[in-house]
Each structure stands twice: as structure tokens, then as C-alpha cells.
Amino acid sequence: LTVTGTLTAANITVTGDIQVAGNLTVQNITTGNITINGHIITAGSTPTVTVGTAAGTQDTQNNIPAPTATIEGNDTAGTITIVAGASTTNGTLAEVTFSTPFGNKPRVVLNAGNEQTSSLRVYVDSNTSLFKTQLPQAPVPGQAYILDYFVVQ
């Protein structure tokens, strides 16, 4: 079969191999195994991140700025940077809200992105719309903490 232009078909069954010379765009895929002979490159909109209460507060008397949180990436993978303020505590360090909610509760994998973060005992609380980085101990005021994340359903 040779097609020049657009082919529209309800169902196609291929019993051999398929080679696509250009880009392949698919709405949904159901498959058994995937073999990737290259890199996994994720894309999509950037989720939002907010500072949690564990990151502390601003202390103008001691010249400690308010805590900040920034994010680079998408719903699947990225990096969160949190700079703690004063009066830190245990609890939520940062909350990431997905650009597009998942159908079921996703699994979130976190990795320390700098030495300071490696000393934190961070864990995740998540649902279909967001995940929170939780701390059983208070972070060090003024310290920058970097977390890399990978999310799958």
C-alpha cells in the first residue's frame, strides 16, 4: 500500500514491522513492552509549585527573606528548588500541582539534587492533582534545597 497524502482508516492490523520515517503522533497507546534506543524526553506544561509551611517565614529583623519555591519541568519530570526562610518546621516543604490531573494516584520518585537536600528525610503525599514533599524534621533556615522528581501513573 502506498499512500501520498492523508490516509483515514477505522482499523488497521499489521502483522509485520512498521517503519515511520517522520514523526508519529498517537493519542493513546496500549502496549506490552517498550524498547527505547535513545533518550526519554518528556514534554508538557509546567506544573505550579507553592511553598509549604515547613519552609518557614520571612524574618525582617534578622534579614532572612521569605521562603521561595521554583519549578522547572513538566508533570512527568523536573526540578524543584526551595529556599527556606526563618522559623522552619516539619510538615509540607512544597506542593506541586499538576498541569493536568492524573486518572489515578501517581507514583512520585524524588531524588536529592544537592548535598543539603540529601540530609533531609523527605517523603511524598500525593493524589491525582498534586504531590507534597513532606518532612518529619525542620529544614535549615536560609538553605536551598533541590529535588528532582519523576512521576508515573
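# Exercises on a predicted model

In this predicted model, Val108 stands opposite Val151, a residue of strand S8.

**Exercise 1.** Determine which strands form the open sheet and how they pair.

*Solution.* The sheet is built from 4 strands, and their order is S2-S3-S8-S5. The pairing is antiparallel. Next, the edges are identified: strand S2 (68-73) and strand S5 (107-112) each pair on one side only. From one strand to the next, the twist averages 25 degrees.

**Exercise 2.** Locate the salt bridge of the structure and state which parts of the chain it ties together.

*Solution.* The structure holds 1 salt bridge. Its partners are Glu95 and Lys132, whose closest N and O atoms are 4.0 Å apart. Glu95 belongs to strand S4 (residues 91-97) and Lys132 to strand S7, so the pair ties together parts that are 37 residues apart in sequence. The exposure of each partner is then considered. Glu95 has a relative accessibility of 23% and therefore counts as partly exposed, since this class lies between the limits of 20% and 50%. Lys132, with a relative accessible area of 25%, is also partly exposed.

**Exercise 3.** Decide whether Gln134 is buried or exposed, and name the residue whose side chain it contacts.

*Solution.* Gln134 is placed in strand S7 (residues 130-135). The relative accessible area of Gln134 is 12%. Buried means under 20%, so Gln134 is buried. A polar contact of 2.5 Å links the side chain of Gln134 to that of Thr92.

**Exercise 4.** Describe the nonpolar patch on the surface and the setting of Leu1 within it.

*Solution.* The patch is formed by Leu1, Val3, Leu7, Ile12, Val14, Ile18, Val20, Leu24, Val26 and Ile29. Together these residues have about 1,100 Å² of accessible area. Leu1 is found in the segment before strand S1 (48-51). The relative accessible area of Leu1 is 94%. Exposed means over 50%, so Leu1 is classed as exposed.

How values were computed: Residues are numbered from 1 along each chain as its sequence is written. This is a predicted model: local features need pLDDT of at least 70, side-chain atom pairs count only at pLDDT 80 or more; totals for chains, interfaces and linings use all residues. Side-chain values use heavy atoms; hydrogens and water are left out. Two strands pair if DSSP finds at least two bridges between them. Helices (H or I, at least four residues) and strands (E, at least two) are DSSP runs, numbered from the N terminus. Axes are lines fitted to C-alpha atoms, for helices over the stretch in contact, and angles run from 0 to 180 degrees between N-to-C directions. Patches are made of residues with over 30% relative accessible area and no salt bridge: like charges are joined within 9 Å, nonpolar side chains (Val, Leu, Ile, Met, Phe, Trp, Tyr) within 5 Å. Accessible areas come from the Shrake-Rupley method with a 1.4 Å probe; for residues, only the protein chains shown count as cover. A salt bridge is a side-chain nitrogen of Lys or Arg within 4 Å of a carboxyl oxygen of Asp or Glu. Buried means under 20% relative accessible area, exposed over 50%, partly exposed in between (1.4 Å probe, protein chains only). A polar contact is a pair of N or O atoms within 3.5 Å; within protein, one must be able to donate a hydrogen and the other to accept it, and residues adjacent in sequence count only if both atoms are side-chain atoms.
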